[in-house]
Amino acid sequence: MVRGWWHDAVFYQVYPRSFADGDGDGVGDLPGLFARLPYLRDLGVDAIWLSPFYRSPMVDAGYDVADPRDVDPLFGTLADADRVFARAHELGLAVLVDVVPNHTSRDSAWFATALASPPGSVERSRYLFRDGRGTGGDEPPNNWLSQFGGPAWTRITEADGRPGQWYLHLYSPAQPDLNWRNLEVRCEYLSILRFWLDRGVDGFRIDVAHGLVKALGLPDVPPGVPQGWEGRLRHRLPYWDQPEVHDVYRTWRRLLDSYADVDTGGGRRGRIAVAEVWLPRAQRSAAYLRPGELHQAFDFPFLLAGWDPVRLRAAIDDALAATAAVGAAPAWVLANHDVVRPVTRFGGGALGLARARAALLLELALPGAAYLYQGDELGLPEVEDLPDELRRDPVFAHSGGRVPGRDGCRVPLPWAGEAAPFDFTSGETAWLPQPASWAELTVAAQRHDPDSTLALCRTALRIRRTHPALGARAAGRGLTWAEDELPPDILAFTRVPGFGCAVNMGKAPARVPVTGPLLLASGPVEHTGTGDLTLPPNTAVWWSALA
Ligand code: GLC
(Lines give C-alpha, C1' and ligand atoms only; values in the text may rest on other atoms or scores of the structure.)
Protein backbone atom coordinates (compact mmCIF):
# COMPACT_ATOMS: atom_id res chain seq x y z
CA MET A 1 0.00 0.00 0.00
CA VAL A 2 1.32 3.43 -0.91
CA ARG A 3 0.89 5.58 2.14
CA GLY A 4 -0.50 9.06 1.49
CA TRP A 5 -0.28 12.03 3.85
CA TRP A 6 -3.83 11.37 5.04
CA HIS A 7 -3.41 7.73 6.08
CA ASP A 8 -2.24 8.50 9.61
CA ALA A 9 -3.10 12.18 9.80
CA VAL A 10 -5.05 13.80 12.63
CA PHE A 11 -7.97 15.89 11.38
CA TYR A 12 -9.70 18.51 13.49
CA GLN A 13 -13.32 19.32 12.69
CA VAL A 14 -14.02 23.03 12.75
CA TYR A 15 -17.71 23.80 13.09
CA PRO A 16 -17.41 27.41 11.91
CA ARG A 17 -20.41 28.93 13.68
CA SER A 18 -19.08 27.76 17.04
CA PHE A 19 -15.31 27.99 16.68
CA ALA A 20 -14.48 31.70 16.91
CA ASP A 21 -16.32 34.89 16.01
CA GLY A 22 -14.38 37.62 14.20
CA ASP A 23 -17.06 40.27 13.73
CA GLY A 24 -18.82 40.39 17.09
CA ASP A 25 -22.26 39.17 15.94
CA GLY A 26 -22.10 36.15 18.23
CA VAL A 27 -21.76 33.62 15.40
CA GLY A 28 -18.40 32.09 14.57
CA ASP A 29 -17.00 32.92 11.13
CA LEU A 30 -14.03 32.58 8.79
CA PRO A 31 -12.13 35.65 10.05
CA GLY A 32 -12.54 34.25 13.57
CA LEU A 33 -11.11 30.94 12.42
CA PHE A 34 -8.28 32.71 10.58
CA ALA A 35 -7.20 34.42 13.79
CA ARG A 36 -7.22 31.17 15.75
CA LEU A 37 -5.42 28.96 13.21
CA PRO A 38 -2.14 29.14 15.17
CA TYR A 39 -3.98 27.44 18.05
CA LEU A 40 -4.61 24.45 15.79
CA ARG A 41 -1.01 24.40 14.62
CA ASP A 42 0.12 24.44 18.27
CA LEU A 43 -2.35 21.71 19.14
CA GLY A 44 -0.47 19.59 16.65
CA VAL A 45 -3.14 18.40 14.23
CA ASP A 46 -2.30 17.83 10.57
CA ALA A 47 -5.47 19.01 8.91
CA ILE A 48 -8.79 20.69 9.46
CA TRP A 49 -12.21 19.78 8.10
CA LEU A 50 -14.52 22.75 7.85
CA SER A 51 -18.26 22.16 8.17
CA PRO A 52 -20.31 24.13 5.58
CA PHE A 53 -19.85 27.88 5.32
CA TYR A 54 -21.75 28.21 2.01
CA ARG A 55 -24.70 30.44 1.24
CA SER A 56 -27.63 28.98 3.08
CA PRO A 57 -30.88 29.91 4.77
CA MET A 58 -29.42 27.92 7.72
CA VAL A 59 -32.40 25.69 8.33
CA ASP A 60 -29.98 22.83 9.03
CA ALA A 61 -27.05 24.97 10.16
CA GLY A 62 -25.69 25.28 6.63
CA TYR A 63 -26.19 21.67 5.55
CA ASP A 64 -28.95 23.18 3.42
CA VAL A 65 -26.80 24.78 0.74
CA ALA A 66 -28.32 27.45 -1.50
CA ASP A 67 -25.10 28.32 -3.37
CA PRO A 68 -22.19 25.92 -3.00
CA ARG A 69 -19.80 28.31 -4.75
CA ASP A 70 -20.13 31.19 -2.32
CA VAL A 71 -19.63 31.94 1.36
CA ASP A 72 -22.64 32.92 3.43
CA PRO A 73 -22.34 36.53 4.66
CA LEU A 74 -22.79 35.16 8.18
CA PHE A 75 -19.37 33.50 7.82
CA GLY A 76 -17.59 36.10 5.67
CA THR A 77 -16.62 36.20 2.02
CA LEU A 78 -14.90 34.05 -0.57
CA ALA A 79 -11.80 36.14 0.02
CA ASP A 80 -11.97 35.20 3.72
CA ALA A 81 -12.14 31.53 2.72
CA ASP A 82 -9.10 31.95 0.47
CA ARG A 83 -7.22 33.60 3.34
CA VAL A 84 -8.08 30.72 5.66
CA PHE A 85 -6.84 28.16 3.11
CA ALA A 86 -3.61 30.06 2.47
CA ARG A 87 -2.84 30.67 6.14
CA ALA A 88 -3.63 27.08 7.08
CA HIS A 89 -1.19 25.91 4.43
CA GLU A 90 1.48 28.31 5.70
CA LEU A 91 1.02 26.75 9.12
CA GLY A 92 1.33 23.26 7.67
CA LEU A 93 -2.36 22.39 8.00
CA ALA A 94 -4.28 20.72 5.19
CA VAL A 95 -7.87 21.83 4.63
CA LEU A 96 -10.92 19.73 3.80
CA VAL A 97 -14.23 21.39 3.09
CA ASP A 98 -17.66 19.83 3.28
CA VAL A 99 -19.56 18.96 0.13
CA VAL A 100 -23.30 18.30 0.49
CA PRO A 101 -24.35 16.36 -2.62
CA ASN A 102 -27.43 14.50 -1.37
CA HIS A 103 -29.60 17.60 -1.33
CA THR A 104 -29.65 21.32 -1.94
CA SER A 105 -31.46 23.99 -0.02
CA ARG A 106 -35.06 24.68 -0.91
CA ASP A 107 -33.71 28.20 -1.64
CA SER A 108 -31.29 27.10 -4.36
CA ALA A 109 -31.67 28.39 -7.92
CA TRP A 110 -32.22 24.85 -9.18
CA PHE A 111 -35.07 24.15 -6.80
CA ALA A 112 -36.72 27.47 -7.64
CA THR A 113 -36.70 26.62 -11.35
CA ALA A 114 -37.91 23.10 -10.58
CA LEU A 115 -40.93 24.54 -8.78
CA ALA A 116 -41.61 26.98 -11.58
CA SER A 117 -41.42 24.24 -14.24
CA PRO A 118 -44.09 21.66 -15.05
CA PRO A 119 -44.12 18.02 -13.96
CA GLY A 120 -41.87 15.93 -16.20
CA SER A 121 -39.62 18.88 -17.07
CA VAL A 122 -35.84 18.77 -17.24
CA GLU A 123 -35.76 21.18 -14.30
CA ARG A 124 -37.82 18.84 -12.10
CA SER A 125 -35.77 15.81 -13.09
CA ARG A 126 -32.80 17.18 -11.15
CA TYR A 127 -34.77 16.36 -8.00
CA LEU A 128 -37.05 13.49 -7.04
CA PHE A 129 -40.53 14.77 -7.82
CA ARG A 130 -43.31 12.19 -8.03
CA ASP A 131 -47.09 12.15 -8.21
CA GLY A 132 -48.80 11.24 -4.96
CA ARG A 133 -50.69 8.01 -4.33
CA GLY A 134 -54.38 7.67 -3.51
CA THR A 135 -57.31 9.70 -4.75
CA GLY A 136 -56.17 13.06 -6.01
CA GLY A 137 -52.56 12.14 -5.26
CA ASP A 138 -53.10 13.08 -1.64
CA GLU A 139 -50.79 10.43 -0.21
CA PRO A 140 -46.99 10.56 -0.35
CA PRO A 141 -45.46 8.53 -3.24
CA ASN A 142 -43.98 5.97 -0.84
CA ASN A 143 -43.58 5.30 2.88
CA TRP A 144 -40.08 6.69 3.36
CA LEU A 145 -39.48 8.74 6.49
CA SER A 146 -37.29 11.79 6.98
CA GLN A 147 -34.25 11.37 9.23
CA PHE A 148 -35.50 14.40 11.11
CA GLY A 149 -38.98 12.93 11.68
CA GLY A 150 -42.21 12.79 9.66
CA PRO A 151 -42.65 11.72 6.03
CA ALA A 152 -39.76 12.20 3.60
CA TRP A 153 -42.12 13.84 1.09
CA THR A 154 -43.66 17.30 0.84
CA ARG A 155 -46.37 18.26 -1.59
CA ILE A 156 -46.03 21.41 -3.65
CA THR A 157 -48.56 23.78 -5.11
CA GLU A 158 -48.26 23.92 -8.89
CA ALA A 159 -48.00 27.22 -10.79
CA ASP A 160 -51.75 27.10 -11.50
CA GLY A 161 -52.50 27.04 -7.77
CA ARG A 162 -53.55 23.37 -7.62
CA PRO A 163 -52.06 20.84 -5.22
CA GLY A 164 -49.30 19.18 -7.20
CA GLN A 165 -46.44 16.72 -7.08
CA TRP A 166 -44.42 15.68 -4.07
CA TYR A 167 -40.65 16.00 -3.65
CA LEU A 168 -38.36 13.77 -1.65
CA HIS A 169 -36.32 15.04 1.30
CA LEU A 170 -34.52 12.50 3.45
CA TYR A 171 -33.81 15.35 5.87
CA SER A 172 -35.90 18.48 6.43
CA PRO A 173 -38.40 19.75 3.82
CA ALA A 174 -35.90 22.59 3.34
CA GLN A 175 -33.41 20.03 1.92
CA PRO A 176 -34.83 18.52 -1.32
CA ASP A 177 -32.92 15.41 -2.43
CA LEU A 178 -31.18 15.54 -5.77
CA ASN A 179 -31.63 12.90 -8.45
CA TRP A 180 -28.21 11.28 -8.86
CA ARG A 181 -29.42 9.27 -11.84
CA ASN A 182 -29.45 12.58 -13.70
CA LEU A 183 -26.24 13.32 -15.60
CA GLU A 184 -26.57 17.06 -15.17
CA VAL A 185 -26.51 16.63 -11.38
CA ARG A 186 -23.34 14.55 -11.64
CA CYS A 187 -21.66 17.16 -13.86
CA GLU A 188 -22.70 20.00 -11.59
CA TYR A 189 -21.03 18.42 -8.57
CA LEU A 190 -17.83 17.72 -10.48
CA SER A 191 -17.80 21.39 -11.31
CA ILE A 192 -18.39 22.32 -7.63
CA LEU A 193 -15.51 20.09 -6.55
CA ARG A 194 -13.30 21.69 -9.18
CA PHE A 195 -14.28 25.16 -7.95
CA TRP A 196 -12.89 24.41 -4.47
CA LEU A 197 -9.93 22.34 -5.67
CA ASP A 198 -8.88 25.27 -7.83
CA ARG A 199 -8.98 27.47 -4.72
CA GLY A 200 -6.49 25.12 -3.12
CA VAL A 201 -8.43 22.89 -0.75
CA ASP A 202 -6.85 19.53 -0.02
CA GLY A 203 -10.10 17.64 -0.24
CA PHE A 204 -13.65 17.06 0.89
CA ARG A 205 -15.78 15.55 3.58
CA ILE A 206 -18.77 14.10 1.74
CA ASP A 207 -22.05 14.62 3.58
CA VAL A 208 -24.41 11.60 3.60
CA ALA A 209 -22.11 9.90 1.11
CA HIS A 210 -24.03 6.61 1.14
CA GLY A 211 -27.38 8.24 0.34
CA LEU A 212 -27.01 9.86 -3.06
CA VAL A 213 -28.51 7.17 -5.28
CA LYS A 214 -31.91 5.73 -4.42
CA ALA A 215 -33.22 2.30 -5.45
CA LEU A 216 -34.89 2.36 -8.86
CA GLY A 217 -38.64 2.82 -8.61
CA LEU A 218 -38.32 4.24 -5.07
CA PRO A 219 -39.90 1.12 -3.53
CA ASP A 220 -41.60 1.17 -0.13
CA VAL A 221 -39.63 0.08 2.89
CA PRO A 222 -41.07 -3.31 3.91
CA PRO A 223 -43.55 -3.02 6.78
CA GLY A 224 -42.02 -3.35 10.23
CA VAL A 225 -38.53 -2.29 9.16
CA PRO A 226 -37.51 0.70 11.29
CA GLN A 227 -36.30 3.65 9.25
CA GLY A 228 -34.81 5.86 11.93
CA TRP A 229 -31.45 5.52 13.57
CA GLU A 230 -31.83 1.79 14.19
CA GLY A 231 -33.10 1.11 10.72
CA ARG A 232 -30.15 2.65 9.05
CA LEU A 233 -27.82 0.55 11.11
CA ARG A 234 -29.56 -2.81 10.84
CA HIS A 235 -31.35 -3.06 7.55
CA ARG A 236 -30.72 -2.45 3.92
CA LEU A 237 -33.01 0.45 3.08
CA PRO A 238 -33.80 1.54 -0.49
CA TYR A 239 -32.25 4.95 0.08
CA TRP A 240 -28.90 3.99 1.63
CA ASP A 241 -25.85 2.28 0.20
CA GLN A 242 -27.16 1.44 -3.27
CA PRO A 243 -24.56 -0.17 -5.54
CA GLU A 244 -24.72 2.63 -8.14
CA VAL A 245 -23.47 5.23 -5.66
CA HIS A 246 -19.99 3.84 -6.14
CA ASP A 247 -19.95 5.01 -9.77
CA VAL A 248 -20.23 8.56 -8.48
CA TYR A 249 -17.13 8.20 -6.33
CA ARG A 250 -15.09 6.51 -9.04
CA THR A 251 -15.62 9.65 -11.09
CA TRP A 252 -14.78 11.88 -8.14
CA ARG A 253 -11.59 9.94 -7.52
CA ARG A 254 -10.46 10.47 -11.10
CA LEU A 255 -11.01 14.19 -10.65
CA LEU A 256 -9.12 14.26 -7.33
CA ASP A 257 -6.26 12.29 -8.84
CA SER A 258 -6.01 14.73 -11.72
CA TYR A 259 -4.94 17.31 -9.10
CA ALA A 260 -2.34 14.99 -7.59
CA ASP A 261 0.62 16.99 -8.77
CA VAL A 262 -0.67 20.37 -7.77
CA ASP A 263 1.07 21.43 -4.58
CA THR A 264 -1.32 23.05 -2.10
CA GLY A 265 1.36 24.46 0.18
CA GLY A 266 3.83 22.90 2.57
CA GLY A 267 4.74 20.46 -0.19
CA ARG A 268 1.57 18.48 0.39
CA ARG A 269 0.30 16.56 -2.60
CA GLY A 270 -2.77 14.51 -3.16
CA ARG A 271 -6.34 15.69 -2.79
CA ILE A 272 -8.60 13.40 -0.84
CA ALA A 273 -12.19 12.72 0.14
CA VAL A 274 -13.63 11.24 3.31
CA ALA A 275 -17.10 9.76 3.24
CA GLU A 276 -19.73 10.21 5.92
CA VAL A 277 -21.22 6.72 5.76
CA TRP A 278 -23.46 5.61 8.60
CA LEU A 279 -23.31 1.89 7.99
CA PRO A 280 -23.36 -0.93 10.52
CA ARG A 281 -20.27 -2.82 9.56
CA ALA A 282 -16.84 -1.67 8.53
CA GLN A 283 -17.07 -4.12 5.63
CA ARG A 284 -19.82 -2.05 4.07
CA SER A 285 -18.09 1.29 4.51
CA ALA A 286 -14.81 -0.18 3.26
CA ALA A 287 -16.50 -0.78 -0.09
CA TYR A 288 -16.26 3.00 -0.54
CA LEU A 289 -12.47 2.70 -0.20
CA ARG A 290 -11.82 0.15 -2.90
CA PRO A 291 -9.09 1.02 -5.38
CA GLY A 292 -10.31 3.86 -7.57
CA GLU A 293 -12.85 5.08 -5.00
CA LEU A 294 -12.49 7.29 -1.92
CA HIS A 295 -9.60 7.74 0.51
CA GLN A 296 -11.36 7.50 3.85
CA ALA A 297 -14.71 6.67 5.41
CA PHE A 298 -15.56 7.63 8.97
CA ASP A 299 -15.53 4.64 11.26
CA PHE A 300 -18.82 5.11 13.08
CA PRO A 301 -18.97 1.63 14.64
CA PHE A 302 -16.03 2.83 16.80
CA LEU A 303 -18.03 5.89 17.88
CA LEU A 304 -21.15 3.82 18.51
CA ALA A 305 -19.37 1.16 20.58
CA GLY A 306 -19.65 3.33 23.68
CA TRP A 307 -17.66 2.46 26.78
CA ASP A 308 -17.81 -1.24 26.02
CA PRO A 309 -14.52 -3.10 25.64
CA VAL A 310 -16.00 -6.01 23.71
CA ARG A 311 -17.76 -3.83 21.16
CA LEU A 312 -14.79 -1.50 20.89
CA ARG A 313 -12.36 -4.29 20.26
CA ALA A 314 -14.68 -5.80 17.66
CA ALA A 315 -15.07 -2.40 15.98
CA ILE A 316 -11.30 -1.94 15.89
CA ASP A 317 -10.64 -5.43 14.52
CA ASP A 318 -13.39 -5.09 11.91
CA ALA A 319 -12.17 -1.72 10.72
CA LEU A 320 -8.54 -2.80 10.50
CA ALA A 321 -9.43 -5.96 8.58
CA ALA A 322 -11.99 -4.34 6.30
CA THR A 323 -9.80 -1.40 5.32
CA ALA A 324 -6.68 -3.55 4.90
CA ALA A 325 -8.61 -5.78 2.52
CA VAL A 326 -9.09 -2.82 0.16
CA GLY A 327 -5.63 -1.29 0.69
CA ALA A 328 -6.91 1.60 2.83
CA ALA A 329 -6.64 2.66 6.47
CA PRO A 330 -9.37 3.40 9.04
CA ALA A 331 -10.47 6.92 9.93
CA TRP A 332 -11.43 6.77 13.62
CA VAL A 333 -14.12 9.06 14.99
CA LEU A 334 -15.25 9.64 18.55
CA ALA A 335 -17.39 12.71 18.00
CA ASN A 336 -18.75 15.26 15.58
CA HIS A 337 -21.43 17.95 15.39
CA ASP A 338 -24.21 15.34 15.20
CA VAL A 339 -23.63 13.31 18.34
CA VAL A 340 -23.61 13.81 22.11
CA ARG A 341 -20.13 14.80 23.29
CA PRO A 342 -17.99 11.92 24.61
CA VAL A 343 -17.72 13.29 28.17
CA THR A 344 -21.51 13.08 28.48
CA ARG A 345 -21.92 9.89 26.44
CA PHE A 346 -19.46 8.12 28.70
CA GLY A 347 -21.31 8.97 31.90
CA GLY A 348 -20.89 12.72 32.44
CA GLY A 349 -19.09 14.57 35.21
CA ALA A 350 -15.69 13.44 36.43
CA LEU A 351 -16.36 9.85 35.33
CA GLY A 352 -17.30 10.88 31.80
CA LEU A 353 -14.29 13.16 31.55
CA ALA A 354 -11.90 10.44 32.75
CA ARG A 355 -13.31 8.05 30.16
CA ALA A 356 -13.27 10.64 27.37
CA ARG A 357 -9.59 11.30 28.10
CA ALA A 358 -8.85 7.58 28.04
CA ALA A 359 -10.82 7.15 24.81
CA LEU A 360 -8.82 9.96 23.22
CA LEU A 361 -5.57 8.12 23.97
CA LEU A 362 -7.09 4.94 22.57
CA GLU A 363 -8.16 6.67 19.37
CA LEU A 364 -4.81 8.33 18.87
CA ALA A 365 -2.90 5.09 19.46
CA LEU A 366 -4.68 3.15 16.71
CA PRO A 367 -3.27 2.62 13.23
CA GLY A 368 -4.91 4.96 10.72
CA ALA A 369 -6.24 8.51 10.73
CA ALA A 370 -8.09 10.14 13.62
CA TYR A 371 -10.79 12.80 13.52
CA LEU A 372 -11.22 15.12 16.51
CA TYR A 373 -14.22 17.36 16.98
CA GLN A 374 -13.61 20.90 18.18
CA GLY A 375 -13.87 21.20 21.95
CA ASP A 376 -13.07 17.56 22.62
CA GLU A 377 -9.47 18.63 23.20
CA LEU A 378 -10.88 20.73 26.06
CA GLY A 379 -13.04 17.93 27.48
CA LEU A 380 -16.23 19.93 26.93
CA PRO A 381 -19.42 18.18 28.01
CA GLU A 382 -22.71 18.25 26.10
CA VAL A 383 -24.81 21.23 27.17
CA GLU A 384 -28.05 19.55 28.12
CA ASP A 385 -30.04 22.39 29.62
CA LEU A 386 -30.33 24.78 26.69
CA PRO A 387 -33.64 26.65 26.85
CA ASP A 388 -36.08 25.28 24.25
CA GLU A 389 -36.53 28.66 22.62
CA LEU A 390 -32.82 28.81 21.79
CA ARG A 391 -32.63 25.39 20.20
CA ARG A 392 -31.99 25.67 16.46
CA ASP A 393 -31.61 22.07 15.32
CA PRO A 394 -34.61 21.18 13.09
CA VAL A 395 -34.63 17.77 14.79
CA PHE A 396 -36.04 19.46 17.90
CA ALA A 397 -38.95 21.09 16.07
CA HIS A 398 -39.67 18.10 13.79
CA SER A 399 -39.94 15.78 16.79
CA GLY A 400 -42.35 18.15 18.49
CA GLY A 401 -39.68 18.82 21.11
CA ARG A 402 -39.32 15.15 22.10
CA VAL A 403 -35.77 14.85 20.75
CA PRO A 404 -33.48 17.59 22.09
CA GLY A 405 -31.41 17.58 18.88
CA ARG A 406 -27.79 18.39 18.31
CA ASP A 407 -27.41 21.91 19.68
CA GLY A 408 -25.86 20.65 22.91
CA CYS A 409 -22.65 19.62 21.14
CA ARG A 410 -22.56 22.82 19.07
CA VAL A 411 -22.19 25.37 21.86
CA PRO A 412 -19.42 27.88 21.04
CA LEU A 413 -15.90 27.20 22.30
CA PRO A 414 -14.71 28.94 25.46
CA TRP A 415 -11.38 30.62 24.75
CA ALA A 416 -10.59 32.78 27.79
CA GLY A 417 -11.99 34.79 30.66
CA GLU A 418 -14.16 34.20 33.68
CA ALA A 419 -17.61 34.63 32.17
CA ALA A 420 -19.53 33.88 28.98
CA PRO A 421 -18.97 34.46 26.09
CA PHE A 422 -15.42 33.49 27.11
CA ASP A 423 -13.75 35.49 24.35
CA PHE A 424 -15.59 33.53 21.68
CA THR A 425 -16.98 36.83 20.43
CA SER A 426 -16.34 40.49 21.11
CA GLY A 427 -20.13 40.87 21.19
CA GLU A 428 -22.16 40.34 24.31
CA THR A 429 -23.48 36.86 23.73
CA ALA A 430 -22.73 33.82 21.67
CA TRP A 431 -25.46 32.31 19.45
CA LEU A 432 -25.91 29.57 22.03
CA PRO A 433 -25.16 30.29 25.69
CA GLN A 434 -22.12 28.66 27.28
CA PRO A 435 -22.46 27.33 30.83
CA ALA A 436 -20.81 29.44 33.56
CA SER A 437 -18.88 26.33 34.62
CA TRP A 438 -16.89 26.51 31.37
CA ALA A 439 -14.71 29.18 33.01
CA GLU A 440 -12.51 26.26 34.10
CA LEU A 441 -12.49 24.74 30.65
CA THR A 442 -11.33 27.68 28.56
CA VAL A 443 -8.24 27.34 26.40
CA ALA A 444 -6.55 30.00 28.55
CA ALA A 445 -7.36 28.13 31.78
CA GLN A 446 -6.05 24.83 30.40
CA ARG A 447 -3.05 26.09 28.45
CA HIS A 448 -0.57 26.08 31.31
CA ASP A 449 -2.09 23.30 33.39
CA PRO A 450 -0.10 20.10 32.78
CA ASP A 451 -3.03 17.96 33.95
CA SER A 452 -5.56 19.57 31.64
CA THR A 453 -7.28 17.75 28.80
CA LEU A 454 -5.73 20.26 26.41
CA ALA A 455 -2.25 19.38 27.69
CA LEU A 456 -3.06 15.67 27.40
CA CYS A 457 -4.21 16.10 23.82
CA ARG A 458 -1.20 18.19 22.84
CA THR A 459 1.24 15.75 24.41
CA ALA A 460 -0.49 12.80 22.78
CA LEU A 461 -0.28 14.49 19.38
CA ARG A 462 3.39 15.33 19.93
CA ILE A 463 4.22 11.74 20.83
CA ARG A 464 2.17 10.53 17.87
CA ARG A 465 4.29 12.71 15.58
CA THR A 466 7.62 11.54 16.95
CA HIS A 467 7.23 7.91 18.02
CA PRO A 468 8.34 5.43 15.35
CA ALA A 469 5.35 3.17 15.99
CA LEU A 470 2.74 5.90 15.62
CA GLY A 471 1.31 8.30 13.08
CA ALA A 472 2.96 8.94 9.75
CA ARG A 473 6.20 7.33 10.95
CA ALA A 474 4.49 4.10 11.98
CA ALA A 475 6.54 1.16 10.82
CA GLY A 476 3.71 -1.35 11.14
CA ARG A 477 0.17 -1.10 9.85
CA GLY A 478 -1.47 -3.15 12.55
CA LEU A 479 -1.56 -3.82 16.27
CA THR A 480 -1.15 -6.88 18.46
CA TRP A 481 -3.59 -7.41 21.30
CA ALA A 482 -2.02 -8.41 24.60
CA GLU A 483 -3.76 -11.68 25.36
CA ASP A 484 -1.99 -12.87 28.49
CA GLU A 485 -4.70 -13.40 31.06
CA LEU A 486 -5.96 -9.88 31.04
CA PRO A 487 -9.54 -9.39 32.19
CA PRO A 488 -11.88 -8.76 29.21
CA ASP A 489 -12.46 -5.17 30.23
CA ILE A 490 -8.83 -4.26 29.65
CA LEU A 491 -8.03 -3.25 26.09
CA ALA A 492 -4.27 -3.55 25.68
CA PHE A 493 -2.17 -3.75 22.56
CA THR A 494 1.30 -3.11 21.25
CA ARG A 495 2.53 -1.66 18.00
CA VAL A 496 5.99 -2.01 16.51
CA PRO A 497 8.49 -0.81 17.30
CA GLY A 498 8.14 -0.52 21.03
CA PHE A 499 4.78 1.05 21.74
CA GLY A 500 2.01 -0.11 24.04
CA CYS A 501 -1.44 1.20 24.94
CA ALA A 502 -3.78 -0.09 27.62
CA VAL A 503 -7.22 1.12 28.71
CA ASN A 504 -9.01 -0.09 31.80
CA MET A 505 -12.72 -0.10 30.97
CA GLY A 506 -13.67 -2.11 34.04
CA LYS A 507 -14.71 -1.08 37.52
CA ALA A 508 -11.63 -2.24 39.44
CA PRO A 509 -7.91 -1.52 39.18
CA ALA A 510 -6.16 -4.11 37.02
CA ARG A 511 -2.57 -5.27 36.56
CA VAL A 512 -1.28 -4.62 33.08
CA PRO A 513 2.07 -5.87 31.79
CA VAL A 514 3.95 -2.71 30.82
CA THR A 515 7.27 -3.39 29.19
CA GLY A 516 8.90 0.02 29.44
CA PRO A 517 8.60 3.53 30.81
CA LEU A 518 5.27 5.30 30.59
CA LEU A 519 4.93 7.87 27.85
CA LEU A 520 1.58 9.25 28.89
CA ALA A 521 -1.37 8.54 31.15
CA SER A 522 -4.89 9.91 30.87
CA GLY A 523 -5.23 10.10 34.67
CA PRO A 524 -3.20 9.54 37.83
CA VAL A 525 -1.19 6.29 37.79
CA GLU A 526 1.85 5.14 39.67
CA HIS A 527 4.55 3.30 37.85
CA THR A 528 8.10 2.78 38.89
CA GLY A 529 9.69 1.99 35.55
CA THR A 530 9.09 -1.45 34.15
CA GLY A 531 7.05 -4.49 35.01
CA ASP A 532 3.38 -4.65 35.79
CA LEU A 533 1.39 -1.51 36.33
CA THR A 534 -1.79 -1.21 38.35
CA LEU A 535 -4.10 0.62 36.02
CA PRO A 536 -7.01 2.42 37.71
CA PRO A 537 -10.47 2.12 36.13
CA ASN A 538 -11.34 4.58 33.35
CA THR A 539 -7.71 5.28 32.61
CA ALA A 540 -5.45 4.74 29.59
CA VAL A 541 -1.68 4.64 29.40
CA TRP A 542 0.87 4.67 26.63
CA TRP A 543 4.26 3.13 27.24
CA SER A 544 7.45 2.76 25.28
CA ALA A 545 9.76 -0.17 25.06
CA LEU A 546 12.38 1.82 23.20
CA ALA A 547 14.27 3.48 26.02
C1 GLC B 1 -25.04 14.95 7.81
C2 GLC B 1 -24.57 16.11 8.66
C3 GLC B 1 -25.72 16.59 9.49
C4 GLC B 1 -26.83 17.05 8.57
C5 GLC B 1 -27.23 15.94 7.61
C6 GLC B 1 -28.06 16.47 6.49
O7 GLC B 1 -25.37 13.84 8.57
O8 GLC B 1 -23.47 15.73 9.42
O9 GLC B 1 -25.34 17.64 10.34
O10 GLC B 1 -27.94 17.42 9.33
O11 GLC B 1 -26.10 15.35 7.00
O12 GLC B 1 -27.26 17.27 5.64
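User: Which residue meets R250 in a salt bridge, and where does that partner lie?

Analyst: In this predicted model, local features need pLDDT of at least 70 and side-chain atom pairs count only at pLDDT 80 or more, while totals for chains, interfaces and linings use all residues. Residues are numbered from 1 along each chain as its sequence is written, and side-chain values use heavy atoms, with hydrogens and water left out. A salt bridge (a side-chain nitrogen of Lys or Arg within 4 Å of a carboxyl oxygen of Asp or Glu) joins R250 to a partner at 2.9 Å, N to O.

User: Is E293 buried or exposed?

Analyst: The classes rest on relative accessible area: buried is under 20%, exposed over 50%, and partly exposed in between (1.4 Å probe, protein chains only). R250 has 31% and counts as partly exposed. E293 has 0% and counts as buried.

User: Which strands does the salt bridge between R205 and D98 tie together?

Analyst: The closest N and O atoms of R205 and D98 are 2.8 Å apart. Strands (E, at least two residues) and helices (H or I, at least four) are DSSP runs numbered from the N terminus. R205 lies in residues 203–206 and D98 in residues 94–99, so the pair ties together parts 107 residues apart in sequence, namely strands β9 and β5.

User: What is the relative accessible area of R205?

Analyst: D98, the partner of R205 in the salt bridge, is buried at 1%. R205 is also buried, and its value is 1%.

User: How many residues apart in sequence are E188 and R69?

Analyst: Their side chains meet in a salt bridge at 3.2 Å, N to O. E188 is partly exposed at 21%, and R69 is partly exposed at 24%. E188 belongs to helix α4 (residues 183–198) and R69 to strand β4 (residues 67–71), so the bridge ties together parts whose separation in residues is 119.

User: How many salt bridges does a search of the whole structure find?

Analyst: One group of residues, D60, D338, D393, R406 and R410, is linked in a network of salt bridges. For the whole structure, the search gives 35.

User: What radius of gyration does the protein have?

Analyst: The radius is taken over C-alpha atoms, and the globule rule is 2.2 Å times the number of residues to the power 0.38. For 547 residues, a compact globule would come near 24 Å. The protein agrees with this, at 24 Å.
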